[in-house]
Amino acid sequence: MTFSIVARSDDGESWGVAVASKFLAVGSVVPAAVAQVGALATQAHANVAYKGIALSHLDEGATASVALQRLLEEDEGRDHRQVGIVDVDGGAASHTGGSCIDWAGGVTGDGFAIQGNCLAGPEVVEAMRRSWEAGADTPFAQRLLDALAAGDDAGGDKRGRQSAAMLVVRDGAGYDGGDDIDVDLRVDDHAAPVTELARLLDLNDLYLVASTDDEKVTIDAALRDELEAFARAQGQPDFHTWVGCENYEMRVDDGLVWIDRRILALVRGDDA
């Protein structure tokens, strides 16, 4: 009883899943993805074994359609399953079993698979498709979120709202480059889970995404003095220590050559 989008970015560098449901901790069940392999969502009467099996098939070179066919051939419960898969090349496949709770269905296109069951109606999937196809210029994670929000606004899970999640992978995107996890966010139990997921995605960007050149403000002598004075007022010995305590390492240069404009705004108490 869930709606989801599985997709690959247009540049072929990222794969991801966004999902919402009237179900506790949907992110613990539905999404799976590996960079340069593919992504999938397993839902309805979810078969969590699909995640490892499908990714193994994709890693061995199977297309999304072939991987899906193999999953269904091996599963006697396939009539109760719903699954979407996107492969390394952006090929997409989706399955809705005949016993999934109405309304249930999905749509695929170049680089995406959208599916849902126990939905308010087909308008949920259609709203997600329109949002995705209109978002080509939007950053990938935000584009996934926008599609999920469009489905939520169109009625989503007809039972109500409870949880949402997003998983995005890209080579070297993990913390300190240690794995491929670009975004891994879960809202396990919330009255407005998609809205809360949007808030968490903003925080993910602030804390875990490096500043762009346009976001960097050069630190001159006067600004350095201002930052050091601020840190001391916060009870820290220096600004570098304050940055570490607040987890802003991605947004301030280690040598204090530059500071992200958003962090500078926080220092100055400037909501703008």
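Guide: What follows takes the labels one at a time and sets each value beside its definition.

Guide: This is a predicted model, in which local features need pLDDT of at least 70 and side-chain atom pairs count only at pLDDT 80 or more, while totals for chains, interfaces and linings use all residues. Residues are numbered from 1 along each chain as its sequence is written, and side-chain values use heavy atoms, with hydrogens and water left out.

Visitor: What makes up the secondary structure of the protein chain?

Guide: The protein chain has eight helices and twelve strands, where helices (H or I, at least four residues) and strands (E, at least two) are DSSP runs numbered from the N terminus.

Visitor: Which residues does Glu196 contact, leaving aside its neighbours within four places in sequence?

Guide: With those neighbours set aside, Glu196 is in contact with Val187 and His190, contact meaning heavy atoms within 4.5 Å. Gly91, by comparison, is 105 residues from Glu196 in sequence and 30 Å from it in space, C-alpha to C-alpha.

Visitor: How do you know that S3 and S4 pair, and in which sense?

Guide: Two strands pair if DSSP finds at least two bridges between them; S3 and strand S4 (residues 38-44) have four bridges, in the antiparallel sense, and therefore they meet the requirement. One of the residues concerned is Ala32, whose bridge partner in S4 is Leu40.

Visitor: What makes S3 and S6 edge strands?

Guide: The open sheet of four strands has the order S3-S4-S5-S6, with antiparallel pairing. Strand S3 (31-34) and strand S6 (92-96) each have a single partner strand, so one side of each is left without a neighbour in the sheet. The twist from one strand to the next averages 5°.

Visitor: Where does helix H1 lie, and how is its angle to S4 defined?

Guide: Helix H1 (residues 49-59) lies across S3, S4 and strand S5 (81-87), and runs at about 150° to S4. Axes are lines fitted to C-alpha atoms, for helices over the stretch in contact, and angles run from 0 to 180 degrees between N-to-C directions. Helix H2 (residues 64-73) also packs on the sheet, touching S5 and S6, and its direction makes about 30° with that of S6.

Visitor: Which strands stand at the edges of the open sheet of six strands?

Guide: That open sheet has the order S7-S8-S1-S2-S9-S10, again with antiparallel pairing. Strand S7 (105-109) and strand S10 (181-187) stand at its edges because each has a single partner strand. Within the sheet, strand S1 (residues 2-8) and strand S8 (residues 112-116) run antiparallel and are joined by five bridges, and Phe3 stands opposite Gly116 in S8. Helix H4 (residues 140-153) packs on this sheet, touching S1, strand S2 (14-21), strand S9 (163-170) and S10. Helix H5 (residues 193-208) lies across S2, S9 and S10, running at about 145° to S10.
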